[in-house]
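The questions below are meant to be worked through with the sequence and the structure side by side. Please try each one before reading its answer.

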Amino acid sequence: VATLLLVPGPAAAEVMCDWFFRCLYESPGFRFRVVDSETKQPLADVHALAEWVLEGSHGRNGPLMVQDAASGADGWLRFSAWGPTHGPRTGLVLNLDPAITLFKPGYKTRLLQNAYPPETTETTRLRRFGEDGKDTALEPFRGTPAEWIEQLRKAVYPATLGRPSEEQLLQFRSSYLKRAHRVRAEVGRLPQGWRDVEDFSWSLGRTITFYESGSVR
Amino acid sequence: MKHRRWHIALFIGALSTMSMEMSDAYQFRTHGAITEEAFRVSRGVNDYLQGLGINSRDRFARAMRTEPPFLAFFDNNGTPSDWMIEGVIREDDYTHRPLLTPLGCAPPSNPPSQINRPLNHFLDVQRGGGGMHIPFIVSGYPANDWALGKQGRSSAGNEYSLPDARHYQFLSLMGPSIDERHRDTALLFRALGHVIHLLQDVAQPQHTRQDPHSGCVEPIGGHSSWYEKYIETRALTETFRTRGRVSSALRLDGYPPPKLATYEAYWTGFKGLADFSSRNFFSVGTNLDVELGCFGLPAPPCRPDAYEVLNQIVDVFPVGGGIRAGRVRVFWHRMVDPVTGGLVSAQVTSRSLWDQHLERENLFPIFTLNTVNYDSAADILIPRAVGYSAGLLDRFFRAKIGAGVDEDQRFIFHNGSTDEIAQGFFFVLHENPQGVREQLASFVLALPPEGQSAPLAVRKLPPNPPPGTRCWVVFQGTLGEERDVVAGSLAGCPVESSPPSSEGSEWAVYTCLFIPSIPDRPPSPDEYVYYTYATQAWIVDQDGNPAFSMTPNWRTQCWLSARGFLPDGQTPTNARLDFIPADFVPPG
């Protein structure tokens, strides 16, 4: 009876992780196509930043893995398989395994959350992407420069990660830098001398400096 | 529970020498949203900034900020509100304990911290008012003591308590250089963010019912809080677990800031927020469990028949996908709001076959808390977290000290409080166009409520001060029964009179609005009094011209309507020439 009581239930299928703290995670890779929500035509040069977000003691705890990709003329975005990779027993956040932010100038920044398959728990090893092979749409942006800055802010500072550590961010700095440079190019097209632009530009500059040098000093 | 005790026995030895974090809190963006709204609705904060001539979008010491990637991607632009949000996020900083990482505890991702702040985020109001305490393993200070600097305050401990905020506030007004003042302004608002974090946390019943939820060494530290995870998805309007739609936006508004007699009263006591959340709501680890006597917590009642029970059909989200209709027996609890006296009802617990996520069916019905309960609790508790945070900020900034300059360039200080004596130091400061501040005078005074001082002579500036010259009055002393209160506001500069002009004498004419004080009710617009006030001792703006508007006392606002010369000896007709006293009662 005691043995039965101690056996993890069906929801805790990852015995090695749940009982022996040896947790592995992996992704089989996936792809999806991005289209314009109005014309339904494929969108080229959409930048996608995929983050597999860790659960933490104090909320979300940064990425276990980050990949980025840009769509070709056919609108397809492809993410390669990774893992198995060691991770903590707190697991990955369901729905943010991965969380993908899609960015393209002229379109609203979109957060795509994983619609995870049945029976997945935080510690499930193989993390499939629920939208694999499907179309996803971006909505054209129509608004003021201030509203556009908010879209840019979402692209470079998505709130999905919680509080990542310096090591986590620097480990994936190339992906973050690609996103930051794309956003900076957009900031350069905004009316300069305007306070909101200056504020965002200053902030973004420091973030890029951090990713490039590992320090903002 | 048997399971839990077995684990405790296993880990207790290994952990006995460690301190570890035991709590989560409302997550980062939830705290950010509550704080942003509290800042917006706090009349006290906004009056304080306005009185100092600070725009809420002005920036302070941005280079000192925590960069967005380490601040839950919040972009602190250096405004007072942003600094407060930085403080509210950084109150969850904790130390790195490498020994705990192999046990599944996530290492901290905050900048290095010497202290485990979250240990001090609990307040067990129903069992003596202590903080987090697990014998031989961990103990923390009560949240209110930590926030108010009664315990744990030191250079190696908490440097962002309420007394620290006062210290930074004083330096932010008295510092000689702009850089020093800006740094201390940033620290003032950051410290206030730390303080109100502790108030917001007690609007989460796990923090007031001793229910650890760190998600770290779970048999001891408790499971991570699904309530907080779910509420964070509402703050971010993201989807939660199997839900196919995004969570509804947090309800933040609807609870006016309470005005309570002490800071302590915002946490504990008849109207305390910790008492309200602890005595009216369950938490997942202290749910309605008759067998266990509800863990020794007397309220809410430990009897199922004390609740109105309704069978409710709710959306459930089976792990196989899709949405189904599921039956849940919901327990409604009716409570009295101690501040407003109004009745409030909440779905405080559930009994059903469905688990806490409304995703899996059990063999037998169980008491659970699910998103139905979480929404019900959050819609009551989050607006109160906003209201109480704003109420505490109103109390912190309630001192209203101003000064006018009479025609002999003497200062008349006034106390804008309607019910508290202000006694202590009153400083007059002068700032040159380069931003360097110096003290012109200081006085020790005691001013009754709505009272004013006699005219007091101070050192005067030479005639025609350069554009950008400004003056302030600063108060530091006792207001009512609170010691070390600080307040400040812009004031006119005392200036030596110019030699007579051949063109005559220059006058500034103001149109003023006086709002009378009427006992027990606000005055109606018909009772407002408009009058004309002419002066040659005007308050100067940054360019040395008469200020566009001024507030001679806290019931009077004046706007510049004319400026010109009259032959010497003549005065503007139909205008009051005297300084407007605090007890001004217009004729008729």
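Q: Leaving aside neighbours within four places in sequence, which residues is M550(B) in contact with?
A: The structure is a predicted model, and in it M550(B) is placed in strand β15 of chain B, residues 549–553. Neighbours within four places in sequence are set aside for this count. The contacts of M550(B) are then Y510(B), Y533(B), I539(B), T556(B), Q557(B) and C558(B).

Q: Is M550(B) buried or exposed?
A: A residue is called buried when its relative accessible area is under 20%. M550(B) has a relative accessibility of 9%, and therefore counts as buried.

Q: How many Å apart in space are M550(B) and P318(B), C-alpha to C-alpha?
A: In sequence, 232 residues separate M550(B) from P318(B). In space, the distance from C-alpha to C-alpha is 64 Å.

Q: What confidence does chain B have on average, as pLDDT?
A: The score is the predictor's confidence in each residue, from 0 to 100. In chain B, 89% of the residues score at least 70. Over residues 1–24 of chain B, however, pLDDT stays under 50, and the model has 66 contacts beyond four places in sequence for that stretch. The average for chain B is 86.

Q: Over which residues of chain A does pLDDT stay under 50?
A: Chain A averages a pLDDT of 89, and 92% of its residues score at least 70. The stretch in question has nine contacts beyond four places in sequence. In chain A, pLDDT stays under 50 over residues 1–12.

Q: Why does the salt bridge of R206(A) and E67(B) join two chains?
A: The side chains of R206(A) and E67(B) meet at 2.8 Å, N to O. R206(A) lies in helix α6 of chain A, residues 195–213, whereas E67(B) lies in the loop between α3 (43–51) and α4 (80–90) of chain B, so the pair joins two chains. Both partners are buried, R206(A) at 15% relative accessibility and E67(B) at 6%. The two chains joined are therefore A and B.

Q: Which residues are linked with R206(A) in a network of salt bridges?
A: E67(B) also forms a salt bridge with R65(B), the closest N and O atoms being 3.0 Å apart. R65(B) is buried, with a relative accessible area of 5%. The network links R206(A) with E150(A), R153(A), R65(B), E67(B) and D75(B).

Q: How many residues apart are D375(B) and R234(B), which form a salt bridge?
A: The closest N and O atoms of D375(B) and R234(B) are 2.9 Å apart. This pair links distant parts of the chain, with D375(B) in helix α13 (residues 371–396) and R234(B) in helix α10 (residues 226–236) of chain B, and the separation is 141 residues.

Q: Is D375(B) buried or partly exposed?
A: Partly exposed residues lie between the buried limit of 20% and the exposed limit of 50%. R234(B), at 4% relative accessibility, counts as buried. D375(B), at 22%, counts as partly exposed.

Q: Which elements are among those that cover the buried residues of α4(B)?
A: In α4(B), 11 of the 11 residues are buried, so this helix is largely enclosed by the rest of the structure. Among the buried residues are W83(B), M84(B) and I85(B). The cover includes α2 (28–41), α3, α7 (178–201) and α13 of chain B.

Q: What percentage of the 217 residues of chain A count as buried?
A: Chain A contains six helices and nine strands. Its C-alpha trace spans about 70 × 45 × 25 Å along the principal axes. The buried share of chain A is 54%.

Technical notes. Residues are numbered from 1 along each chain as its sequence is written. Chains are lettered from A and ligands numbered from 1 in the order in which they are written. This is a predicted model: local features need pLDDT of at least 70, side-chain atom pairs count only at pLDDT 80 or more; totals for chains, interfaces and linings use all residues. Side-chain values use heavy atoms; hydrogens and water are left out. Helices (H or I, at least four residues) and strands (E, at least two) are DSSP runs, numbered from the N terminus. Buried means under 20% relative accessible area, exposed over 50%, partly exposed in between (1.4 Å probe, protein chains only). Contact means heavy atoms within 4.5 Å. A salt bridge is a side-chain nitrogen of Lys or Arg within 4 Å of a carboxyl oxygen of Asp or Glu.
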